[in-house]
Amino acid sequence: MADKKFTTFMRNMFRIGTPECAISFAVIAMVLAVLFLLVGFWQTLLILGLMLVGAFLGGVKDKKKWFQGIINKLFPPKNSIPYREKNPELERAIRESLEADKEPRKETQEQE
């Protein structure tokens, strides 16, 4: 019976609007308040930043792929569609128009 209560508590721990969520956020706020009082603002920010780095290192399975995705979003490769459309026909039409812009036009060459 205790295991069932514990699993229910853990399941609702970060579900907004539940008493379990209120308890968990109160504990988090209390820990932050104690850190601010004991070590100061900047040291607390350093601790939180290092915790985020640790959560990233432990939580992201393929870090290289994640970083490549971020870099490609910030600096998309040349002649590529920065955000992939879910519509393949639209993506094909965009690529065809990009390729048409690269090719010299025959009409302008014939007129000269």
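Predicted model: local features only at pLDDT ≥ 70, side-chain atom pairs only at ≥ 80, totals over all residues.

Biologist: Let us begin with the secondary structure. How many helices and strands does the protein chain have?

Modeller: The protein chain has six helices and zero strands. Read from the N terminus, its elements follow the order α-α-α-α-α-α.

Biologist: How many of the residues count as buried?

Modeller: The protein chain has 112 residues, and 8% of them count as buried. As for the surface, the chain exposes about 10400 Å², of which carbon and sulfur atoms supply 64%.

Biologist: What share of the contacts between residues at least 6 apart in sequence joins residues at least 24 apart?

Modeller: That share is 0% in the protein chain.

Biologist: I would now like to study a single residue. Where is Thr44 placed, and is Thr44 buried or exposed?

Modeller: Thr44 belongs to helix H3, which spans residues 41–59. Buried means a relative accessible area under 20%; Thr44 has a value of 0%, and therefore counts as buried.

Biologist: Which residues is Thr44 in contact with, leaving aside its neighbours within four places in sequence?

Modeller: They are Leu32, Leu35, Phe36 and Val39. With Leu35 there is also a polar approach: a polar atom of the Thr44 side chain lies 3.2 Å from the backbone oxygen of Leu35.

Biologist: Let us turn to the aromatic rings. How is a pair of such rings described?

Modeller: One states the distance of the centres and the angle of the planes. In the whole structure, a search finds six aromatic pairs. One of them joins Phe36 and Phe41, with 5.8 Å from centre to centre and 10° between the planes; this pair is stacked. Phe36 is partly exposed at 37% relative accessibility, and Phe41 is likewise partly exposed, at 43%.

Biologist: Why is the pair of Phe56 and Trp66 called tilted?

Modeller: The ring centres of Phe56 and Trp66 are 4.8 Å apart and the planes stand at 55°, so the pair counts as tilted. This pair links distant parts of the chain, since Phe56 lies in helix H3 and Trp66 in helix H4 (residues 63–74), 10 residues apart. Trp66 is partly exposed, with a relative accessibility of 41%.

Biologist: Which residues form one aromatic cluster with Phe36?

Modeller: Phe41 and Trp42 form one aromatic cluster with Phe36.

Conventions: Residues numbered from 1 in each chain as written. Heavy atoms only, no water. Helix = DSSP H or I, 4+ residues; strand = E, 2+ residues; numbered from the N terminus. Buried < 20%, exposed > 50% of the residue type's maximum accessible area, 1.4 Å probe, protein only. Contact = heavy atoms within 4.5 Å. Areas by Shrake-Rupley, 256 points an atom, 1.4 Å probe, with all protein chains shown as cover. Polar contact = N/O pair within 3.5 Å; in protein donor to acceptor, adjacent residues only side chain to side chain. Phe/Tyr/Trp six-rings, centres within 6.5 Å; stacked < 30°, edge-to-face > 60°.
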